[in-house]
Amino acid sequence: MVLFALVELAIGFGIAWPPAVKPALIACMVWAPFLWFFAEGLGGLASGSASAFTGAPGASLLYGLLAVLLWPTERGGRSEATRFVGTRRAQAVWVVLWGLLAGLAFLPANTARNAFSDAISGNGTGVPVWYGSLLDHASAWTAGRGGELAVVFGLALALVAVSVLLPWRRAVRAGMVLALLLAALIWVFGEGFGMPFMGMGTDPDTAPLLAVLALAFWPSRRPIAEPAVAPEAGIVEGAAA
Amino acid sequence: VNAPAWLSNLLSMLMLALAAYSLWRLLIARAWERDTDYETDALHLLAGLAAAGLISTWAHTLPRGAWTVVFAAGGVYFAVRAVRSWAEAGDRRRLVGGGACCAVLVYMFTAGVAPSTLHGSTAGQYTMAGMPGMILDQTLTYPSIGLIFAVGLAFAAVAVLNRMAPMTAQDGPAQAASAGSAGSVSSGGSEGGNGGGSGLMLAPRSVDVCRILIVLVLAYAILTKLV
């Protein structure tokens, strides 16, 4: 476990230190799938009960995704996430990710009467009093309403998924704000802040990463000018789209 | 977290070495006619000693109350200095950082951050309350504040590291050329110039490294009592 922590600290600090950004991002791309497969069990996607509310599709997958999308480049783009892979590919990643999360919300296990209530109450062990009280209230309110909440949750996730395709910058921003709001709700009520108070937390879970992803897709006020001559034709095709 | 004893011992030794290095800087800077930031070095000396005692029993020095008073006084000192030199961004950042470090240490000494009494590793185990084999050390007061401090410390470490420029062959001559402008920002990103030397900073990057190490060890000490 200590070795895992040291590897992750090295990757994190490598990304923070400008001269080591690229090697650290490559290390992240190698490390993330390893963790996703062996430590996170594919983020629960194969379990039949995976839900964005409880940590699907797995934090490691999102770390790897962010490492690719935020690869340092001089290229321009409509947002940080589109600069390296190009607008269309970045949009495709966003739609697939949030579309997947929306789809998971409608799985039978996630539309059960107490699906949300059980998930929320499961975060209550060892937490501070104020947070335990908040979870108790939320758990009581959601009890028996799993079906309705799953529909609302799934539709909200679907809205976020398609928002990035809209031609109006304000609409895209509204989608990102909704994504940030959902990430906050997921983190507080579904993921228990990554369960740091239960003695079994190993990471902040997926919600902060979903928020970072939303910020990375936040459309800039004016698109940064594309270079006149692109160095790599294969990537430029997407970037210019 | 039930951290392995060897890791706590290693970090304690690291903190003591860091404190010794900071003391050496304080003593040697004037003799070598180099500038150093005496405030930061003094803070690192005290924080290193205190942090070592917070994670290993054998490194215990002063009583908790005495350390609390020391860092409370340090926090007030840094706060007053920060307000007085608010106009200068470099000094302000350094002084606010020092004050924040003191505030975290005051919290740690008053909230019960201390060497774990548990031994062995729980890596890979679920530590559920009331379950046989449960090994959980959650004796921290105000854990929410502790978590906020731990996250803040992690961000602080990243911020310091992000400001650190890589060392180049031109650093020495460039620094020498800029000598004489006391209070200037060094090439490594460390602000200082409180000393009365030649204006040439004494190993400024090592101060940043010390800062990062202290911040990480403080976060570690909080987390071992929190999660």
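A residue counts as buried when its relative accessible area is under 20%. By that rule, 45% of the 241 residues of chain A are buried in this predicted model. Chain A has eleven helices and zero strands.

**Overall build of chain A**
- Read from the N terminus, the elements run α-α-α-α-α-α-α-α-α-α-α.
- The radius of gyration of chain A is 19 Å, and this agrees with the value near 18 Å that a compact globule of 241 residues would have.
- Along the principal axes, the C-alpha atoms of chain A fill a box of roughly 60 × 45 × 30 Å.
- Taking contacts between residues at least 6 apart in the sequence of chain A, 71% join residues at least 24 apart.

**Surface and charge of chain A**
- Chain A has an accessible surface of about 11,700 Å².
- Carbon and sulfur atoms account for 70% of that surface.
- There are 13 positive and 13 negative side chains in chain A.
- The centres of these two sets of charges lie 15 Å apart.

- Trp187(A) sits in helix H9 of chain A, which covers residues 169-190.
- Trp187(A) counts as partly exposed because its relative accessibility is 28%, between the limits of 20% and 50%.
- Leaving out residues up to four places away in sequence, Trp187(A) touches Tyr131(A), Gly192(A), Phe193(A), Gly194(A), Pro204(A), Ala207(A) and Pro208(A).
- Val68(A) is 119 residues from Trp187(A) along the chain, and the C-alpha atoms of the two are separated by 24 Å.

**The loop between H2 and H3 of chain A**
- This loop lies between helix H2 (21-38) and helix H3 (59-69), and Pro57(A) is in it.
- The peptide bond leading from Ala56(A) to Pro57(A) is cis, with omega near 5 degrees.
- Leu42(A) lies in the loop between H2 and H3 as well.
- Leu42(A) is not a glycine, yet its phi is positive, at about 60 degrees.
- With a relative accessible area of 27%, Leu42(A) is partly exposed.

**Tyr142(B)**
- Tyr142(B) is found in the loop of chain B between helix H4 (89-111) and helix H5 (143-163).
- Tyr142(B) has a positive phi, near 50 degrees, in a residue other than glycine.
- Tyr142(B) counts as exposed because its relative accessibility of 57% is over the 50% limit.

**Cysteines**
- A disulfide requires two cysteine sulfur atoms within 2.5 Å, and by this rule the count over all chains is zero.
- Cys101(B) is in no disulfide, and the nearest cysteine sulfur, 5.8 Å away, belongs to Cys102(B).
- Cys102(B) is likewise in no disulfide, with the sulfur of Cys101(B) as the nearest cysteine sulfur at 5.8 Å.
- Cys101(B) counts as buried, at 13% relative accessibility.
- Cys102(B) is buried too, with a relative accessible area of 2%.

Terms used: Residues numbered from 1 in each chain as written. Chains lettered and ligands numbered in written order. Predicted model: local features only at pLDDT ≥ 70, side-chain atom pairs only at ≥ 80, totals over all residues. Heavy atoms only, no water. Helix = DSSP H or I, 4+ residues; strand = E, 2+ residues; numbered from the N terminus. Rg over C-alpha atoms; globule rule 2.2 N^0.38 Å. Buried < 20%, exposed > 50% of the residue type's maximum accessible area, 1.4 Å probe, protein only. Contact = heavy atoms within 4.5 Å. Areas by Shrake-Rupley, 256 points an atom, 1.4 Å probe, with all protein chains shown as cover. Lys, Arg positive; Asp, Glu negative; His and termini not counted. Charge placed at Lys NZ, Arg CZ, Asp CG, Glu CD.
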